[in-house]
Amino acid sequence: MDERRVRFIETAMKLFAEKGYHATSIQDLVEAWGISKGAFYHHFASKEELLLEVLRYYSEKMVADFTASGGDGPEKERFIRQLAAHFSHIREYKDFLRMIMSEQLPKVNPEVERYMFRQHGRLFLWYCTRLTEVYGEAVGPYVYDVAMMTNGIIRQYLFYFFFREEAFDADEVARFLVRRIDAIVASFTADERPLLTEESFAPWVKMEEQERERQRERLASAFAAVREAVNDLDPKQASDVLEAIAALEEELLGRHAPPRAYIVEALLLYLRHQQTPQLAPALDALVKEMDEYQRQNGWEREVWKKR
């Protein structure tokens, strides 16, 4: 994402946090950005689309901070470091969290509601994955119940420290909470049935799968548009570009493994060097879809793997 668009998103988020999304007008936004109303619609189709971009930008940053590898060492230590990182970033995202808590954002439109619902589901599935990696067979039958409790505990403590002005030790908080999770996992009896099962979360899993499929369809359409634009090039250049496009599409959509960043970047660099006025709009649209695909799925790692 280019620096100017990031600046627009960051400024909009601060306005939404200070005044509220509904109370912030497009006029407020363009005055803060120093552009005209006409220029606003060059960057965003509507205020609702801008809100969705704000949610995506900050949610993905927070998720990336939270789900970073946690470094080396035993799984439990890595999990503690991940939780500590989550708590340590509260101040950094204070305005964004205020915006989330002060507005009924899911009611803005169905796309915003779907995105926020999907983010909750993705984070929940991540908890399931990490709890399984930390506790193994001990948590197996109860992983969905423990993930629900873990999510609730962490969420409430985050709210508490969000409103607390004095400093706190994020590592100490993380270790305290993991000891509580230890106790929860140890509390189940051998004959105790879980309340929650995989079937309980079928809507979240289905929505994740549907969104991934929609992303793949949009990406495939963007590749088709580039191929169509290639028809306006001379035969030798068209052949080279088509070969690069085929390799890039195979890397993104044809492999069973996640895309390899170095190959994607090399192919994109080559295509940019081949860019002509005829090819530019379609290639720009493809890069935009690729950025979205990367933001949701990542390169070289399965962030949201299911059990």
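Helices α10 and α11 are roughly antiparallel to each other, because they pack at an angle of about 175°. Angles under 35 degrees count as roughly parallel, over 145 as roughly antiparallel, 65 to 115 as roughly perpendicular, and the rest as oblique. The model is predicted: local features need pLDDT of at least 70 and side-chain atom pairs count only at pLDDT 80 or more, while totals for chains, interfaces and linings use all residues. Residues are numbered from 1 along each chain as its sequence is written, and side-chain values use heavy atoms, with hydrogens and water left out.

**The chain as a whole**

The chain holds 13 helices and 0 strands; helices (H or I, at least four residues) and strands (E, at least two) are DSSP runs numbered from the N terminus. Along the principal axes, the C-alpha atoms fill a box of roughly 70 × 45 × 35 Å. Of the 307 residues, 46% count as buried, where buried means under 20% relative accessible area, exposed means over 50%, and partly exposed lies in between (1.4 Å probe, protein chains only). Among contacts with a separation of 6 or more, 72% are between residues 24 or more positions apart; a contact means heavy atoms within 4.5 Å.

**α10 and its two partners**

The axes of α10 and α11 (residues 235-254) are 10 Å apart. Axes are lines fitted to C-alpha atoms, for helices over the stretch in contact, and angles run from 0 to 180 degrees between N-to-C directions. On the α10 side the contact is made by Arg216, Leu219, Ala220, Phe223, Val226, Arg227 and Val230. On the α11 side, the residues include Ala238, Val241, Leu242, Ile245 and Leu248. This contact of α10 with α11 divides into 13 nonpolar, no polar and 3 charged residues. Ala, Val, Leu, Ile, Met, Phe, Trp, Tyr, Cys and Pro count as nonpolar, Asp, Glu, Lys and Arg as charged, and the others, Gly among them, as polar.

Helix α10 (residues 202-230) also packs against α7 (residues 110-135), at an angle of about 115° and with the axes 9 Å apart. The pair α7 and α10 is therefore roughly perpendicular. The crossing of α7 and α10 is left-handed, meaning that the near helix is turned anticlockwise from the far one by less than a right angle; clockwise would be right-handed. Residues of α7 in this contact include Arg114, Phe117, Arg118 and His120, which belong to the set that meets α10 residues including Trp204, Val205, Met207 and Glu208. By class, the contact of α7 with α10 has 6 nonpolar, 3 polar and 7 charged residues.

**α8 and its surroundings**

Helix α8 (residues 143-163) has 21 residues and reaches 30 Å from its first C-alpha to its last, close to the 30 Å expected at 1.5 Å a residue. The expected span is 1.5 Å times one less than the number of residues. Buried residues of α8 include Val143, Tyr144, Asp145, Val146, Ile154, Leu158, Phe161 and Phe162. The cover over the buried residues of α8 includes α5 (75-88), α6 (94-102), α7 and α9 (170-186).

The axes of α5 and α8 come within 10 Å and cross at roughly 35°, and this crossing is right-handed. In the contact, Leu83, His86 and Phe87 of α5 meet Ile154, Tyr157, Leu158 and Phe161 of α8. Its residues comprise 6 nonpolar, 1 polar and no charged.

**Single residues**

Leu97 is in helix α6. Beyond four places in sequence, Leu97 touches Met62, Ile90 and Phe162. Val185 is in helix α9 and counts as buried because its relative accessibility is 8%. Leaving aside neighbours within four places in sequence, Val185 is in contact with Tyr135, Ala138, Val139 and Val146. Ala138 lies in the loop between α7 and α8; at 47% relative accessibility, Ala138 counts as partly exposed. Leu195 is in the loop between α9 and α10, and its 75% relative accessibility makes Leu195 count as exposed. Not counting residues up to four places away, Leu195 touches Asp145 and Ser200.

| Pair | Apart in sequence | C-alpha to C-alpha |
|---|---|---|
| Leu97 and Thr132 | 35 residues | 29 Å |
| Ala138 and Thr276 | 138 residues | 59 Å |
| Val185 and Tyr127 | 58 residues | 14 Å |
| Leu195 and Pro141 | 54 residues | 9.9 Å |
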